[in-house]
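Please take a first look at the protein chain and ligand shown below. The report that follows walks through the overall build, the ligand shell and the annotated site.

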Amino acid sequence: MMHRNAALNLPLPPAAKRALPEITAPRPSREQAEEAVRTLLLWAGDDPGREGLRDTPARVARAYEEFFSGYQEDPVALLARSFEETEGYDEMVVLRDIRVESHCEHHMVPIIGRAHVAYLPEGRVVGISKLARVVEAYARRLQIQEKLTAQVANSIQEVLRPRGVAVVIEASHQCMTTRGVHKPGVSMITSRMLGAFREDAGLRREFLAMTRGAAAPEA
Ligand SMILES: Nc1nc2c(ncn2[C@@H]2O[C@H](COP(=O)(O)OP(=O)(O)OP(=O)(O)O)[C@@H](O)[C@H]2O)c(=O)[nH]1
Ligand SMILES: [Zn+2]
C-alpha cells in the first residue's frame, strides 16, 4: 500500500521498501529471549543462578529493546513533516557531530561515532532534530557502516527531494578494537553524496570544510 506524505503530498514507498528486513518466523517471547541469554551465560562459563547474574537475562532483554529500537521506527515518516516558509533559503544546511551508537551485524558489538548530515533545500526544509532521529532510527539496528551511511542519505533524498544530500560517518568498531585484530584508535570513515554533492566537487569541499575539526569518535 502506498502511504501519503501529508506535508508534501508525495507518495511514500511501502514499508517493505523502507529497509526493514522481511521476517517470516514469529517473534520469540520475552521469556524465550531471556532463556537464550541464560544459555549464553552458561556457555561463557558462568552460573546464571548466582546472585549477580540472576537478573541479567531481563536486563539484557531491556538493553536489546533499546539498542535495537530502530526496527520500530519509520525513518521516512520521521521526515514527512517539512516547512516551506523559508524565504527561499537554498544554502547548505549542515548538522554535524550527531552521535552514532550502533551495533555491527557480524559480532553484535558497538559501533560508536559521529555523523555529519547536509542537504541543499529545494523549497522546503525539515526540522533539524528529524535529521538526528533518522540517523538514530537506522543506527539502532544491526548494521555495517556503509549501509547505515547510505540509508540515512537515501531516505533524506527520497522524502525531502532536496538538490543534494551528503552524509559522512566516522566511527570506531569495537569488533576491531576489543577483539579480533585489536586495533584501538582505528576509525572508519564512510560517505554518501547524492545530487549536487556528487556532481560538484566545490560543494563537497565546502561541506567537508564545515565538518572538519568535528569531534573525533570515542573508542
Ligand atoms: N565493511 C565493513 N566491515 C565491517 C564493519 N563492521 C565490521 N566489519 C568487518 O566485518 C568482517 C567480518 O569478517 P569475518 O571474517 O566474517 O569475521 P571474523 O572472523 O570475526 O573476522 P575478524 O574481525 O577479522 O576476526 C571483519 O573484517 C570486520 O572487521 C562495517 O561496518 N563495514
Ligand atoms: Zn563486527
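## Overall build

The protein chain holds nine helices and nine strands. Helices (H or I, at least four residues) and strands (E, at least two) are DSSP runs, numbered from the N terminus. This is a predicted model: local features need pLDDT of at least 70, side-chain atom pairs count only at pLDDT 80 or more, and totals for chains, interfaces and linings use all residues. Residues are numbered from 1 along each chain as its sequence is written, while chains are lettered from A and ligands numbered from 1 in the order in which they are written.

Of the 219 residues in the protein chain, 28% are buried. A residue is buried if 20 or more other C-beta atoms lie within 10 Å of its own, exposed if 12 or fewer, and partly exposed in between, with C-beta atoms placed from the backbone. Among contacts with a separation of 6 or more, 71% join residues 24 or more positions apart. Two residues are in contact if their C-beta atoms, placed from the backbone, lie within 7 Å.

## Domains

The domain assignment gives domain 1 (30–69) and domain 2 (76–211). Such bounds come from an automatic or database domain assignment. The centres of the two domains, taken over C-alpha atoms, are 33 Å apart.

## Around ligand 1

Which residues surround ligand 1? They are Cys104, His106, Ile144, Gln145, Glu146, His173, Cys175, Met176, Gly180 and Val181. Each has its C-beta atom, placed from the backbone, within 6 Å of the ligand. Helix H6 (145–160) and helix H7 (174–177) are the elements that give two or more residues to this shell.

By class, the shell has five nonpolar, four polar and one charged residues. Ala, Val, Leu, Ile, Met, Phe, Trp, Tyr, Cys and Pro count as nonpolar, Asp, Glu, Lys and Arg as charged, and the others, Gly among them, as polar.

## The annotated site

An unreviewed UniProt entry carries the annotation "binding site" for Cys104, His107 and Cys175. These residues span 72 residues in sequence, yet no two of their C-alpha atoms are more than 7.7 Å apart, so they gather at one spot. UniProt annotations may be inferred rather than shown by experiment; positions follow the numbering used here, and feature names are shortened.

Cys104 sits in strand E4 (residues 93–104). Cys104 is partly exposed, because 18 other C-beta atoms lie within 10 Å. Beyond its neighbours within four places in sequence, Cys104 contacts Val109, Ile111, Gln143, Ile144, His173 and Cys175. His107 lies in the loop between E4 and strand E5 (110–120). His107 is also partly exposed, with 16 C-beta neighbours inside 10 Å.
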